[in-house]
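Biologist: I'd like to learn how to read a structure like this one. Could you walk me through a few features?

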Amino acid sequence: VGRWAVLEGAVLNLANPHFMKRAIRKRAGKLRSKALESLAKLQGGDLQTVSNRISLEQYCHTLARFEDPTHDSLGQLAQEIAANLMHETANQSDQLEANYVSEPKQREIDCGAGCAWCCHEPLQVSVVDAISVASFLLQDSTHDRSHLESYVNNIDVYQNRRAGLKESFAPCPFLSDDKRCQVYEARPVICRAFHSTDVFTCRTVVEQRAEDRSVPMFTALFGFRGLRLSGTRKALREMGLDDRPVVLATAVKLLMDDFDSVVEQWFRGEPVFDLAAVKD
Ligand code: SF4
């Protein structure tokens with residue numbers, strides 16, 4: 001109880017955008033030094049150890065952002081956490097990927113530019129994924145939001161229920177007419193991790209509106225590409241933030257309507273993503 005009381009107080013203090021309170025920095029610093037100690041003990045090249053190390057490294061990266069007192073606003077802090085996660089996820093070496101699936105095997109991956117069968121489902125992602133996409137779109141003053149708005153209205157019928165969302169095969173609102181991802185640089189981690197070794201199956205799933213959407217892939221590689229997200233999410237949870245999965249489109253719309261205010265409420269530990277939270 002004591003720990004949470006301190007934590008809640010610290011999170012509330014984050015509401016002041018110009019003054020990163022010592023309490024929150026101290027909390028992040030404490031968590032990070034503990035994690036650094038564990039990191040130093042994680043020796044060895046077996047897959048489990050390597051995986052734990054990657055996730056823990058990202059946990060430390062995220063906490064380090066909280067410790068940095070130079071942010072102009074909480075919006076900037078949120079953007080930095082998201083940008084760092086996407087950067088680190090995108091820049092993991094091929095060498096490292098080969099630990100999970102050998103390079104010759106990886107050549108069996110059947111995905112390519114202009115193929116977007118996997119972009120036909122309302123994505124369930126983490127808040128930090130939604131922050132990445134919303135920040136990217138907000139930088140483009142010419143972006144037309146009307147498509148996102150009508151998409152969100154259309155999926156309202158599923159009331160964010162996990163099973164209901166699976167019934168929609170509408171293309172992602174960020175997919176262009178020529179089947180390119182319009183938020184590619186900022187796309188969610190699941191889009192970076194997802195792949196298929198059989199595009200024919202992907203196509204059949206969408207064309208036949210299949211109940212079972214599974215496609216053949218290398219699950220070890222999928223898990224590897226999601227390791228950094230798990231580290232960031234753990235850090236956010238331990239800093240007292242709402243980490244429920246959200247419907248990407250709905251969360252991005254919420255953020256785009258009033259980025260700074262939504263992010264500030266999120267940092268205060270408020271359930272500001274209620275409208276986007278996925279329900280079982
Ligand atoms: S965000 Fe981009 S990659 Fe992900 S589902 Fe949408 S269009 Fe596809």
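Modeller: Let's take the ligand, the cysteines, some rings and a helix in turn. One thing before that: this is a predicted model, where local features need pLDDT of at least 70 and side-chain atom pairs count only at pLDDT 80 or more, while totals for chains, interfaces and linings use all residues. Residues are numbered from 1 along each chain as its sequence is written, and side-chain values use heavy atoms, with hydrogens and water left out.

Biologist: Which residues surround the ligand?

Modeller: A residue is near a molecule if one of its heavy atoms lies within 4 Å of it. Here that gives Cys 119, Leu 123, Cys 172, Phe 174, Leu 175, Cys 181, Val 183, Pro 188 and Cys 191. By class, the shell has 9 nonpolar, no polar and no charged residues. In this scheme Ala, Val, Leu, Ile, Met, Phe, Trp, Tyr, Cys and Pro are nonpolar, Asp, Glu, Lys and Arg are charged, and the others, Gly among them, are polar.

Biologist: How many disulfides does the structure have?

Modeller: A disulfide is a covalent bond between the sulfur atoms of two cysteines. The search looks for cysteine sulfurs within 2.5 Å, and it finds 0 in the whole structure.

Biologist: Is Cys 172 buried or exposed?

Modeller: Buried means under 20% relative accessible area, exposed over 50%, and partly exposed in between (1.4 Å probe, protein chains only). Cys 172 has 12%, so it counts as buried. Cys 181, at 32%, is partly exposed.

Biologist: What about aromatic pairs?

Modeller: You describe a pair of aromatic rings by the distance of the centres and the angle of the planes. Rings of Phe, Tyr and Trp (its six-membered ring) pair if their centres lie within 6.5 Å; planes under 30 degrees apart are stacked, over 60 edge-to-face, and the rest tilted. This structure holds 5 such pairs. Phe 194 and Phe 222 make an edge-to-face one, with 6.5 Å between centres and 90° between planes. The two sit 28 residues apart, so to speak across distant parts of the chain. Phe 194 is partly exposed at 29%, and Phe 222 is partly exposed at 29% too.

Biologist: Which residues form a cluster through ring pairs?

Modeller: Phe 66, Trp 266, Phe 267 and Phe 273.

How values were computed: Helix = DSSP H or I, 4+ residues; strand = E, 2+ residues; numbered from the N terminus.
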